[in-house]
There are 2 protein chains.
Amino acid sequence: MTVEKDAMRLALISFHGCPVARLGEKDTGGMNVYVLNLASELGNLGHHVDVFTRYHDVKDPQIVELGLNVRVIHLNGGPLLERKEDLAFHTASFTANMHEFISQESIEYDLVHSHYWLSGKIAAEISRIWNIPHVSTFHTLAKTKLRAHSGEKETSYRVNIESEIMGSSNTILVLTEKEREDIRELYGVSPERITVIPAGVDAERFNAEDKITSRKRVCIADKETILFVGRIEPIKGLNILLDALKTLSNSRDLQLIVVGGNLSGDKELTALRERAKNLGISKMIDF
Amino acid sequence: MTVEKDAMRLALISFHGCPVARLGEKDTGGMNVYVLNLASELGNLGHHVDVFTRYHDVKDPQIVELGLNVRVIHLNGGPLLERKEDLAFHTASFTANMHEFISQESIEYDLVHSHYWLSGKIAAEISRIWNIPHVSTFHTLAKTKLRAHSGEKETSYRVNIESEIMGSSNTILVLTEKEREDIRELYGVSPERITVIPAGVDAERFNAEDKITSRKRVCIADKETILFVGRIEPIKGLNILLDALKTLSNSRDLQLIVVGGNLSGDKELTALRERAKNLGISKMIDF
């Protein structure tokens with residue numbers, strides 16, 4: 001499966017989501033998993049991949065070798081513990097540092113692939129400076145969040161920058177047809193500028209097994225089951241799921257399994273447990 | 001001289017050079033004077049001018065009314081006392097804050113005019129976000145400095161950003177034909193993309209007077225005089241002027257008047273005085 005002779009040098013930018021951060025920690029979720037696995041698989045195919053990300057810990061070495069052909073490169077970009085809402089203030093320093101790193105190593109990348117709008121802003125500039133194609137993946141979009149009334153405040157600045165990135169990227173890479181449709185509808189981008197590549201599955205880790213055996217293994221009852229996997233945050237809409245469960249519970253014998261991060265004492269989790277209690281469905285849920 | 005009915009709303013960006021900073025202070029020179037007078041004169045003509053600049057003192061109010069139709073607006077953009085070399089790291093925060101300010105005041109600018117490359121970087125983004133024309137004035141350029149071997153280190157990052165600004169500006173405004181020629185030669189920009197508008201002179205302050213009377217008034221000898229006005233910095237090339245003076249002094253009776261900022265105890269000034277002494281021309285110079 002090697003493609004050595006067509007090997008490319010790829011720069012992935014994941015400004016705020018470090019692929020070597022611990023999964024389930026605050027602001028560490030699906031995007032980090034995606035970037036980590038994308039980089040690893042591209043590396044396995046023989047491509048040379050550098051993942052550029054912010055330092056998130058004083059103990060971070062600048063360069064982390066991450067398996068075959070893959071490096072994670074930490075660069076300064078604002079204070080280590082900066083609030084996520086203020087990260088947009090530090091894209092300029094990260095961009096300048098990334099420019100400096102590329103200059104010093106004399107690397108010629110064939111492509112830069114950005115993850116999230118903040119990385120897209122950085123990649124757009126890097127793409128212009130070095131004249132290399134830019135593929136952008138947003139993972140979430142301000143206008144989608146605003147439409148969902150998720151409660152998170154999204155600025156018009158973010159919306160504008162997202163539009164700019166969409167306009168200047170060589171292609172916008174999304175994971176589902178739904179995302180392509182959202183971008184077309186909310187940002188007015190022509191569908192042919194958007195490429196859909198579904199996320200892969202690690203078939204060694206996730207493989208088909210008899211349902212009853214599987215349920216026994218993880219100790220859950222053998223009945224109709226809803227599984228939620230994700231961080232416990234308002235954006236994920238667990239409150240809506242609880243309301244739906246209440247409605248369904250009148251006619252069906254259900255259980256809901258919630259698999260999230262380590263959030264003991266988390267306000268959102270406490271609020272959701274309270275809501276479940278008030279709806280009288282606590283017994284159906286395994287948080 | 002009013003043009004009220006054609007009045008425009010103009011945003012001037014002078015990120016690091018505040019027009020209300022005291023002249024002659026470190027990094028406060030001709031550019032500040034230029035921006036201040038440009039803003040004032042445009043205001044006198046009936047245009048509405050906002051000059052956006054970095055906070056440079058905790059005592060700065062956010063908005064300073066600066067005569068007719070002119071406001072200076074201070075915005076956060078990195079630490080107050082940041083080193084000039086690190087200001088490039090803070091253009092993103094300034095840009096985001098400027099976007100926020102414009103949004104909140106619901107101002108529709110007709111034009112954004114940037115001063116220096118850092119401001120040009122900010123203006124390029126503001127111009128794209130709000131879809132308004134961008135006029136850029138550089139005042140100094142990295143490649144001109146590098147060619148002059150002035151000793152100041154200029155990064156390839158600055159060179160790249162300058163090229164980008166030149167490419168995206170609606171016009172590049174320069175003060176002299178020499179600057180137009182430099183930009184054409186060093187950055188490969190077509191001359192028709194560059195507009196030359198010489199700097200004005202305050203005719204009330206500077207007016208023609210009999211030479212002998214003038215010299216008496218400022219107490220200088222009535223002989224061939226070379227006048228240097230500017231900050232005492234390596235980039236200004238005073239060392240070259242001293243060498244030239246030495247050469248000329250063999251055949252002519254000259255004097256050199258140096259008018260600079262308040263730099264008592266300044267290293268550069270001390271070095272220049274030492275050089276003059278070694279050249280045996282100290283008596284010809286009034287520092």
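How many residue pairs are in polar contact across the interface of chain B and chain A? The rule finds twelve, with both residues at pLDDT 80 or more; a polar contact here is a pair of N or O atoms within 3.5 Å, where within protein one must be able to donate a hydrogen and the other to accept it, and residues adjacent in sequence count only if both atoms are side-chain atoms. Helices α2 (91-105), α3 (117-130) and α5 (156-168) of chain B are the elements that give two or more residues to the side of chain B that touches chain A, with helices (H or I, at least four residues) and strands (E, at least two) taken as DSSP runs and numbered from the N terminus. The largest share of that side comes from α2(B), with eight residues. Sorted by class, the side of chain B that touches chain A holds seven nonpolar, eight polar and four charged residues; Ala, Val, Leu, Ile, Met, Phe, Trp, Tyr, Cys and Pro count as nonpolar, Asp, Glu, Lys and Arg as charged, and the others, Gly among them, as polar.

A quick word on the ground rules. This is a predicted model, in which local features need pLDDT of at least 70 and side-chain atom pairs count only at pLDDT 80 or more, while totals for chains, interfaces and linings use all residues. Residues are numbered from 1 along each chain as its sequence is written, chains are lettered from A and ligands numbered from 1 in the order in which they are written, and side-chain values use heavy atoms, with hydrogens and water left out.

Back to the interface. Chain B brings 19 residues to the contact and chain A brings 20 residues, contact meaning heavy atoms within 4.5 Å. About 1700 Å² is buried between the two chains, and carbon and sulfur atoms give 55% of it; buried area is the accessible area (1.4 Å probe) that two parts lose on being put together, summed over both. F89(B), Y157(B) and E164(B) supply 32% of the area that chain B buries against chain A, more than any other three residues. E164(B) also pairs with R128(A) in a salt bridge of 2.6 Å, N to O. The count of salt bridges between chain B and chain A is four, each being a side-chain nitrogen of Lys or Arg within 4 Å of a carboxyl oxygen of Asp or Glu.

How do the two copies sit relative to each other?

In chain A, K59(A) and D57(A) pair at 3.5 Å, N to O. K59(A) is exposed at 69% relative accessible area, whereas D57(A) is partly exposed at 26%; buried means under 20%, exposed over 50%, and partly exposed in between (1.4 Å probe, protein chains only). R147(A) and E185(A) form another salt bridge, at 3.8 Å, N to O. This pair links distant parts of the chain, 38 residues apart, with R147(A) in helix α4 and E185(A) in helix α6 (residues 177-187) of chain A. E224(A) and R252(A) pair too, their closest N and O atoms being 2.7 Å apart. E224(A) lies in strand β9 (residues 224-229) and R252(A) in the loop between α8 (238-249) and β10 (254-259) of chain A, so the pair ties together parts that are 28 residues apart in sequence.

K145(A), E154(A), R158(A) and E162(A) are linked in a network of salt bridges. T140(A), in the loop between β6 (134-137) and α4 (142-147) of chain A, touches residues including K145(A), R158(A) and E162(A).

Over in chain B, S169(B) sits in the loop between α5 and β7 (171-174) and counts as buried at 3% relative accessibility. Its side chain joins that of S136(B) in a polar contact of 2.8 Å, and the side chain of S169(B) also reaches the backbone oxygen of I165(B) at 2.7 Å.

Technical notes. Lists of a residue's contacts leave out its neighbours within four places in sequence.
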